[in-house]
Amino acid sequence: MQQPLPLKILGVGRYLPQRVVPSCEVENLCQLPPGWIERNSGVCERRWANADETNSFMGAAAAQEAIADAGIAATAIHLIINASGSAEQAIPDTAPLIQRRLGLGHSGIACLSIHATCLSFLVALDTCASLLASGRYRYILLVTSEIASVGLNPAEPESASLLGDAAAAVVL
């Protein structure tokens, strides 16, 4: 029996990298005929991060928008969770990097990361529901930031043609 998640989304935010990559550029990279990607997937363009658009940079930008949308102060957050399949680095992980970019580096706000590849956000959302239901936390900032473009395999056009970079955040 499925139960609804016991949580409420108070604010949402997003960040899209500046670089827009049309499908024709990916077709050239993957040595595909013109129009193949749009015919097979419907994707016309995607975003790829520039060198200065790291996971933590994009995640913090999305987080700032989500916090503002929620109408709370960043210091009211009790837990920061990064849910990503593409970490910026191993140690420290992306969650404390986002915390630092938000100006909360010495706040004592707990932060952690959940890595479950493509399902990271959904796994983290389910985890957040449990943590909120337990009463341990009142406000959780959940951030997902992916830079999949660095791992594209031109020999696998079915996946290389779909993946892009972006970040999203919610205050729960």
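Helices (H or I, at least four residues) and strands (E, at least two) are DSSP runs, numbered from the N terminus. By this rule, the protein chain has six helices and seven strands. Their order from the N terminus is β-β-α-α-β-α-β-α-β-α-β-α-β. The radius of gyration, taken over C-alpha atoms, is compared with a globule rule of 2.2 Å times the number of residues to the power 0.38. The protein chain has a radius of gyration of 17 Å, close to the 16 Å that the rule gives for 172 residues, so it is as compact as a globular protein of that length.

The model is predicted: local features need pLDDT of at least 70, side-chain atom pairs count only at pLDDT 80 or more, and totals for chains, interfaces and linings use all residues. Residues are numbered from 1 along each chain as its sequence is written, and side-chain values use heavy atoms, with hydrogens and water left out.

The C-alpha trace spans about 55 × 45 × 30 Å along its principal axes. Accessible areas come from the Shrake-Rupley method with a 1.4 Å probe; for residues, only the protein chains shown count as cover. The protein chain exposes about 9100 Å², and carbon and sulfur atoms supply 55% of this area. A residue is buried under 20% relative accessible area, exposed over 50%, and partly exposed in between (1.4 Å probe, protein chains only). Of the 172 residues, 42% are buried. Contact means heavy atoms within 4.5 Å. Among contacts with a separation of 6 or more, 74% join residues 24 or more positions apart.

Gly103 follows α4 and has a positive phi, near 80°.

Backbone geometry comes next. Most residues other than glycine have a negative phi, and most peptide bonds are trans. A cis peptide bond joins Ile91 and Pro92, with omega about -10°. Pro92 is partly exposed, at 33% relative accessibility. Beyond its neighbours within four places in sequence, Pro92 contacts Leu97 and Arg100. Leu142 is 50 residues from Pro92 along the chain, and their C-alpha atoms are separated by 17 Å.

For Gln31, phi is about 55°. Gln31 lies in the loop between α1 (23-30) and α2 (36-41). Its relative accessible area is 74%, so Gln31 is exposed. For Thr117, phi is near 45°. Thr117 belongs to the loop between β5 (110-114) and α5 (120-134). Thr117 counts as exposed because its relative accessibility is 58%.

Charges complete the description. Lys and Arg count as positive and Asp and Glu as negative; His and the chain ends are not counted. The place of a charge is NZ of Lys, CZ of Arg, CG of Asp or CD of Glu. The protein chain has 10 positive and 15 negative charges, whose mean positions are 8 Å apart. A salt bridge needs a side-chain nitrogen of Lys or Arg within 4 Å of a carboxyl oxygen of Asp or Glu. The structure holds one salt bridge. Glu25 forms a salt bridge with Arg19, and their closest N and O atoms are 2.4 Å apart. Glu25 is partly exposed, with a relative accessible area of 30%. Arg19 is also partly exposed, at 32% relative accessibility.
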